[in-house]
Amino acid sequence: MSLAAARPLITVYDDKNASAGTTVCLPAVFRAPVRPDIVSKIHNEIAKNKRQPYCVNVDAGHQTSAESWGTGRAVARIPRVRGGGTHRSGQGAFGNMCRGGRMFAPTKTWRRWHRKVNTAQKRYAICSAIAATGVPALVMAKGHQIQGISEVPLVVADKVQAFSKTKEAVVFLRRNKAWADVAKVYSTRRMRAGKGKLRNRRHVQKLGPLVIYDQDQGLTKAFRNIPGVDTIQFHLAGGEP
């Protein structure tokens, strides 16, 4: 395979979705093998490093005075609450099968919560994920609305880095036919299922476009208030220093 075939030219567009008259060679990272198994594995392992330890109270289920009646009473040998004059006396206690008892194998804080991940594997996963963003079929399979944009990846002129107003960013996305992906974010915003609603995570929504820039001349402020749009600096996204 020739170098020209392996690294095709990408057209650079201006902020009005017109060709800027220049082309750039597709970076070599887009030729990396697409390995969803490695990306998924590394992502799951790294995500475990943000977990907080949890466990049940060490005394839970044992805060009562109970002792087994022993054999010969035609009842199970589970510990039973002492005393009389109340429904609670004589009831089973402590066991995980008992009302008010402890759970089976009470959780402890010294579980192995975190995972070590090889640096080379993390770099491999990043390269593979970036390469996948250059395949339109894979991008669309993730639900992104890219039918109207000119190319994938979409490279625009450096002038966009100087945007400082959200109005400019919205106009730019509309002119480049990328607003359909943002509109999808608006339509998928919904209430979270589960306890996260009580923990300041009330809403969930799809992800939209990712804007990768070299120099932040106001761009992050322009795009930060648009739902679903994320920005990241070139070097932090795995680019060459």
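Visitor: What is the relative accessibility of K177?
Guide: This is a predicted model, in which local features need pLDDT of at least 70, side-chain atom pairs count only at pLDDT 80 or more, and totals for chains, interfaces and linings use all residues. Numbering runs from 1 along each chain as its sequence is written, and side-chain values use heavy atoms, with hydrogens and water left out. Buried means under 20% relative accessible area, exposed over 50%, and partly exposed in between (1.4 Å probe, protein chains only). K177 counts as partly exposed because its relative accessibility is 47%.

Visitor: Where does K177 lie?
Guide: Helices (H or I, at least four residues) and strands (E, at least two) are DSSP runs, numbered from the N terminus. K177 has a positive phi near 65°, yet K177 is a residue other than glycine. Its place is the loop between helix 5 (166-175) and helix 6 (179-188).

Visitor: What is the phi of F94, which is not a glycine?
Guide: F94 sits in the loop between strand 4 (79-81) and helix 3. F94 is buried, because its relative accessible area is 16%. Its phi is positive, at about 75°.

Visitor: Which residues does G92 touch, not counting residues up to four places away in sequence?
Guide: G92 lies in the loop between strand 4 and helix 3. With a relative accessible area of 18%, G92 is buried. The C-alpha atoms of G92 and V81 are separated by 6.5 Å, and the two are eleven residues apart along the chain. Contact means heavy atoms within 4.5 Å, and by that test G92 touches I78, P79, R80, C98 and R99.

Visitor: At what angle do the axes of helix 2 and helix 3 cross?
Guide: Two packed helices are described by the angle between their axes and the distance between the axes. Axes are lines fitted to C-alpha atoms, for helices over the stretch in contact, and angles run from 0 to 180 degrees between N-to-C directions. The axes of helix 2 (residues 36-47) and helix 3 (residues 119-132) come within 9 Å, and they cross at roughly 125°.

Visitor: How are helix 2 and helix 3 set to each other?
Guide: Angles under 35 degrees count as roughly parallel, over 145 as roughly antiparallel, 65 to 115 as roughly perpendicular, and the rest as oblique. Helix 2 and helix 3 are therefore oblique.

Visitor: Which hand does the crossing of helix 2 and helix 3 have?
Guide: A crossing is left-handed if the near helix is turned anticlockwise from the far one by less than a right angle, and right-handed if clockwise. Helix 2 passes helix 3 in a crossing that is left-handed.

Visitor: Which residues of helix 3 meet helix 2?
Guide: From helix 2 come I38, V39, I42 and I46. In helix 3 they meet Q121, K122, Y124, A125, S128 and A129.

Visitor: How do the residues of this contact of helix 2 with helix 3 divide?
Guide: Ala, Val, Leu, Ile, Met, Phe, Trp, Tyr, Cys and Pro count as nonpolar, Asp, Glu, Lys and Arg as charged, and the others, Gly among them, as polar. The contact has seven nonpolar, two polar and one charged.

Visitor: How far apart are the C-alpha atoms of A125 and H43?
Guide: A125 is in helix 3. A125 counts as buried because its relative accessibility is 8%. Leaving aside residues up to four places away in sequence, A125 touches I38, V39 and I42. A125 and H43 are 82 residues apart along the chain, but their C-alpha atoms are separated by 8.3 Å.

Visitor: How far from C127 is the nearest cysteine sulfur?
Guide: A disulfide is a pair of cysteine sulfur atoms within 2.5 Å, and the structure holds zero of them. C127 is in no disulfide, and the nearest cysteine sulfur, that of C25, lies at 16 Å.

Visitor: Which residues is I226 in contact with, leaving aside its neighbours within four places in sequence?
Guide: I226 lies in the loop between helix 7 (219-223) and strand 9 (230-233). I226 is buried, because its relative accessible area is 4%. Its contacts are T166, A169, V170, L173, W179 and V182.

Visitor: What is the relative accessibility of A169?
Guide: A169 has its place in helix 5. A169 touches F163, A222, F223 and I226, not counting residues up to four places away in sequence. A169 counts as buried, with a relative accessibility of 0%.
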